[in-house]
Amino acid sequence: MSSFATRKCVRHVEREAVARCPSCGGDFCRECIVEHNGRVLCATCLAKSVAGAGAAQDATPWRRKGGDAAVTAACVLLLWIAFYGFGQFLKALPPDLHEGTVWRKAVEGAGNGEDR
């Protein structure tokens with residue numbers, strides 16, 4: 001025989017227990033147990049869980065803002081380094097490339113058969 005068939009609800013002794021609260025370990029009937037975030041909890045443990053989550057959310061905003069500011073600063077620094085590196089790369093290119101004379105010389109060289 002199933003163990004729950006013989007167990008009774010902690011609050012309603014005349015009712016059969018259908019689930020056990022994983023937090024407190026008590027057996028509860030359908031009326032006394034609820035599902036919250038994928039877990040089946042009794043009302044007392046749910047209240048404690050919600051109160052604990054509320055306290056955690058109260059402490060979280062300054063951390064979240066600090067974390068967001070740090071991520072934003074890191075992204076700005078990363079972009080600045082990327083643009084600085086790209087600028088250094090463009091600065092290192094020969095001036096003939098900027099003026100278009102490199103391409104003209106290459107085309108003229110190809111026309112004279114120098115590249116072949």
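Visitor: In the hairpin of β3 and β4, which residue takes a positive phi?
Guide: This is a predicted model, where local features need pLDDT of at least 70, side-chain atom pairs count only at pLDDT 80 or more, and totals for chains, interfaces and linings use all residues. Residues are numbered from 1 along each chain as its sequence is written, and side-chain values use heavy atoms, with hydrogens and water left out. The hairpin has two residues between its strands, and the residue with a positive phi, near 55°, is Asn37.

Visitor: How many residues does the largest nonpolar core have?
Guide: A nonpolar core is a set of buried Ala, Val, Leu, Ile, Met, Phe, Trp, Tyr and Cys residues joined through side-chain atoms within 4.5 Å. Buried means under 20% relative accessible area, with a 1.4 Å probe and protein chains only. Members of the largest core include Cys21, Phe28, Ile33 and Leu41, and its residues number 10.

Visitor: What pattern does the protein chain follow along the sequence?
Guide: The secondary structure comes to four helices and four strands. Read along the sequence, the pattern is α-β-β-β-β-α-α-α.

Notes:
Buried means under 20% relative accessible area, exposed over 50%, partly exposed in between (1.4 Å probe, protein chains only). Two strands pair if DSSP finds at least two bridges between them.
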